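The structure is shown first.

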Amino acid sequence: MSHTLNPSDTPINLTPAAPVSRRRFITLSGGVAAGAALSAPFVQAQPAKIKVGMMLPATGTFASLGTAITNGFRMAVGERGGKLGSREIEYFAVDDESNPAKAPENTNRLVQRDKVDVLVGTVHSGVALGMAKIAKETGTLLLIPNAGADDITGPMCSPNIFRTSFSNWQPIHPLGKVMAERGHKTAVWISWKYAAGDESARSFKEGFEKTGGKVVKELGLPFPNVEFQALLAEIAAIKPDAVACFFAGAGAAKFISDYAAAGLKDKIPLYGSGFLTDGVLQAVQAQAQGVMTTLHYADSLPSKRDQEFRLNYAKQFKMQPDVYAVQGYDTGLLLAQAMESVKGDFGNKAALIKAMEGVKIDSPRGAWTMSKEHNPTQDIYLRKVEGEQNKFVSVAWKALADPGRGCRMA
Ligand code: PHB
């Protein structure tokens, strides 16, 4: 079932609550399950459906990322006959428009109005920060299938918040080393000015300068603007050895295309975190040839697991999977495995959290585990665009964990 936004809905006012401790989260959620069991009728009732609230972008520059995540999640659930630990699922959906200003209202639609058991979302770091705040206050289980905001698995970390994707620090951290090894001494950084761009910039600089490189200029524009001309002219004037960037979705396709149109493609090699070239190659294949990126997924991983996933995904959705599809799929796997280990008893939050913390996900990206801050510990790959694929080149960093700076789990 899917909700469209209804402008006549009265916004819900939430009185701010104290952050949830692990115990409070468990008591709050356990109480509801116990109450439901007491009021059960004489006939053996079917266990209630698990309500899953999908808060993702359906419009704007990240719309296709939202689709891929939804597809992946549904595919994992579909592989289990549409059930999680024998409980059926009811879906609720909200288009978050990648708009942080609307995050509280959109999250509350799912939490307060629809009373979802689990929140799944989202893509944009600023929106995810808003969701995480409400998840902390209400104790709702939040599974993040993309947004990398470092703080969510740093100072904001919480027992009921898990990420199945990456921290913004993580995928681009190995890129500096890769670029230095390829002989680049100076680089210009360019990205959108918001949490994901700023945190990627910091991580890239840290990695590049540690290996002797120098970031000579950092350029930025507000999200989701795509007026790149003036910035590209500045890059042409600076003439760095290389350019590194963070862009994603439709904005990334436009950047790749404008970079080539400005005559820079064959003059100054372009690098980035792999979001730059994931899910966009059908649109900008010619302009992207040879671009090298680092990411926790590639299109040609030498594993049977991934090959089967790719075939099944393409068959089911009539499109090629990308990193976002894999992250959505892994979010489904995480919830499914945890639900199976508590035998569908969603009210047993302590056991559910424990299962998620100890999980090993046999992902198409390669097996990964959950760090103690609730972020994947995973391999990061070096990839190169060849034809319509982000070809696997090498493992750039084995089992990389986010440093989890500032996380104190309650
Ligand atoms: C983010 O805002 O955290 C973000 C968005 C799109 C990506 C990666 C990160 O592809």
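A cavity, on a 1 Å grid over the protein atoms alone, is a set of points where a 1.4 Å probe fits but cannot get out, and lining residues have an atom within 4 Å of a point. The model is predicted: local features need pLDDT of at least 70, side-chain atom pairs count only at pLDDT 80 or more, and totals for chains, interfaces and linings use all residues. Residues are numbered from 1 along each chain as its sequence is written, and side-chain values use heavy atoms, with hydrogens and water left out.

The whole structure has 1 cavity of 30 Å³ or more. The largest cavity holds about 100 Å³, a volume being the space filled by probe spheres set on the points, which are joined across faces, edges and corners. Its lining consists of 15 residues, with Val123, Asn146, Phe166, Tyr194 and Phe246 nearest the centre.

The ligand takes up the space of the largest cavity (more than half of its atoms lie within 2 Å of the grid points). Around the ligand are 16 residues, the closest being Ser125, Gly148, Tyr194, Ala248 and Tyr324 (a heavy atom within 4 Å). That shell comprises 11 nonpolar, 5 polar and no charged residues; Ala, Val, Leu, Ile, Met, Phe, Trp, Tyr, Cys and Pro count as nonpolar, Asp, Glu, Lys and Arg as charged, and the others, Gly among them, as polar.

| Residue, polar atom | Distance to a ligand oxygen atom |
|---|---|
| Val123, backbone | 3.4 Å |
| Gly148, backbone | 3.0 Å |
| Tyr324, side chain | 2.8 Å |

The protein covers 100% of the 280 Å² of accessible area that the ligand has on its own (Shrake-Rupley method, 1.4 Å probe).

Note on methods:
On a 1 Å grid over the protein atoms alone, a cavity is a set of points where a 1.4 Å probe fits but cannot get out, and a pocket is an open set with protein on both sides within 12 Å along at least five of seven lines; lining residues have an atom within 4 Å of a point. A polar contact is a pair of N or O atoms within 3.5 Å; within protein, one must be able to donate a hydrogen and the other to accept it, and residues adjacent in sequence count only if both atoms are side-chain atoms.
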